[in-house]
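This report describes the aromatic contacts and the sheet architecture of the structure shown below.

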Amino acid sequence: MLQPLPRARLQVWFVRVCSCVLVWTCLAQLVAVGDLWHGHSRLPVAVRFFLSLGNDAAVSSLSLRHQFQDFVPASPPYVPLRVYKSNGYLKVSCNGGLNQMRSEICDMVTVARFLNLTLVVPELDKRSFWADTSNFGDIFDVNHFINTLRDEVHIVKRIPKRFKGPKNMLEMPPISWSNENYYLRQILPLFNKYSVIHFNKTDARLANNGLPLEFQKLRCHVNYQALKFTPQIEALGNKLIKILQERGSYVALHLRYEMDMLAFSGCTRGCSVEEANELKRLRYAYPWWREKEIDSVAKRLQGLCPLTPEETSLVLQALGFNNSTQIYVASGEIYGSDHRLTDLRAAFPRLVRKEMLLDPEDLRQYQNHSSQMAALDYLVSISSDIFIPTYDGNMAKVVEGHRRYLGFRKSIVLDRRKVVELLDLYANKTLSWSEFTSTVQEIHKNRIGQPSCRKVLINKPKEEDYFYANPYECLSNSTECEEPSNSSDTLR
């Protein structure tokens, strides 16, 4: 028969159990209270531990649970929290596709840092042509974003309820291409009246040039370290990259011959009359698109249209790629469906798309979410041996800049104005094939993403080089371009 434990031993075990519970409670307090007490965040861990112990009596179990609701665990290495008095909350609504929104997020973090604001996790565009319902956390790793930037700016997942009333919030779009003086003189004083300012448009609201070096580097830090895709997107993207690399080297071709691009650019080269009319109707259906009547022929001759798949096939061959080249098409659905790729596939039989390489089940959750699909193409594009965009849209520019950051990986940036001229001369038999190929190669020998300075055009920000295509302040050639003052400073 088992003998009961002596009363003294039971007391010892009871004390041990209670001690363990107390220690773990104190450690939990350390994490929660230490994060909330910004003023103590830089104190040694042991000091913060005893500070938390001193407040045990004041913190009930209910308040402890409340503190942990929005707690975001820091990812190693632990980044110290920046201590500053916040001037208010900045809420931002991004607009456009994935890569436009990506640059907007980088800009708005920089604005929040400059003005000592608390940033609310950005809202993504759900009303554009793509009608993608994805939230920030569906595409980017939210906790990684918050923790990576905690030494720069405070970021919260939501605005506190007490600040949500209309009296506390001002909704407005900031002025495009503004420098830090605009935000300091025009925006910061508004926080004397409002606790929250909501920027309802954020595309191109920060200047390409003329900003302090620390803010240019912060834009890069956000873009290349803080904006990490979700683990699910990263895993599937890496799976795609592995499949491609096992088959050999590959070219990522951003073939921007898609319905939205053709409709809003007014470019109808290669389209039937019915297709051109469909694209025009689509353009008129979106009131926020200002330019309605567009001369497609004139725009193409100016180099402002994406190359057609047929034109792309000729240019790739002229650049020296042959039928053994593996080409990954990093794009959405090509307008006119697969039959528009006939010439391109005939010249490059190893032409592939993600839908051809992955099981349908792998892509099921990303269907009808264009930004999540674009994230997969982004990962494949920055990892490719060569990247070639057929139009200089947001993805082309942001990927080009990311590849520069990763060690000036080769990106062939097509001079479409000259290419179109050469294509027409070749089609008219004015140029022979050998003349066509040699000229195409000559004009692109210095357009491969090598170190260079950005072109700066005073008072013409739309026409100058985009910061995110060539963030030289964050690259090895930064000392050569410290004070660009005119367009002659630049080689593309």
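## Charges and aromatic rings

The charged end of arginine 82 is placed over the ring of tyrosine 84, at 4.1 Å from its centre. Lysine 397 lies over the face of tyrosine 466, 5.4 Å from the ring centre. A charge sits over a ring if NZ of Lys or CZ of Arg is within 6 Å of the ring centre and within 35 degrees of the ring normal.

The model is predicted: local features need pLDDT of at least 70 and side-chain atom pairs count only at pLDDT 80 or more, whereas totals for chains, interfaces and linings use all residues. Residues are numbered from 1 along each chain as its sequence is written, and side-chain values use heavy atoms, with hydrogens and water left out.

Rings of Phe, Tyr and Trp (its six-membered ring) pair if their centres lie within 6.5 Å; planes under 30 degrees apart count as stacked, over 60 as edge-to-face and the rest as tilted. By this rule there are 14 aromatic pairs. Two stacked pairs are set out in the table.

| Pair | Centre to centre | Angle between planes |
|---|---|---|
| Phenylalanine 140 and phenylalanine 229 | 5.5 Å | 15 degrees |
| Tyrosine 426 and phenylalanine 436 | 5.2 Å | 25 degrees |

Helices (H or I, at least four residues) and strands (E, at least two) are DSSP runs, numbered from the N terminus. Phenylalanine 140 belongs to the loop between α5 (136–139) and α6 (142–148), and phenylalanine 229 to the loop between α8 (213–226) and α9 (231–246), so this pair ties together parts that are 89 residues apart in sequence. Both phenylalanine 140 and phenylalanine 229 are buried, where buried means under 20% relative accessible area, exposed over 50%, and partly exposed in between (1.4 Å probe, protein chains only). Ring pairs also link Phe136, Phe140, Phe145, Phe229 and Tyr378 into a cluster.

In the other tabulated pair, tyrosine 426 is in helix α19 (residues 416–427) and phenylalanine 436 in helix α20 (residues 433–443), so parts ten residues apart in sequence are tied together. Tyrosine 426 is partly exposed at 27% relative accessibility, while phenylalanine 436 is buried, with a relative accessible area of 0%.

Two strands pair if DSSP finds at least two bridges between them. Five strands make an open sheet with parallel pairing in the order β3-β2-β1-β5-β4. Its edge strands, β3 (154–156) and β4 (169–172), each pair on one side only. From one strand to the next the twist averages 25 degrees; axes are lines fitted to C-alpha atoms, for helices over the stretch in contact, and angles run from 0 to 180 degrees between N-to-C directions. Strands β1 (residues 89–92) and β2 (residues 118–120) run parallel and are joined by two bridges, with leucine 90 opposite leucine 119 in β2.

Helix α4 lies across β1, β2 and β5 (196–199), at about 170 degrees to β1. Of the 17 residues of α4, 16 are buried, so the helix is largely enclosed by the rest of the structure. Just after α4, asparagine 116 has a positive phi of about 55 degrees.

## The four-stranded sheet

A sheet of four strands, also open and with parallel pairing, has the order β8-β7-β6-β9. Here β8 (351–352) and β9 (386–389) are the edge strands, each pairing on one side only. Strands β6 (residues 251–254) and β7 (residues 327–329) pair in the parallel sense over three bridges, and valine 251 has isoleucine 327 in β7 as its bridge partner. Helix α18 (residues 394–405) packs on this sheet and touches β6 and β9, its direction making about 160 degrees with that of β9; contact means heavy atoms within 4.5 Å.
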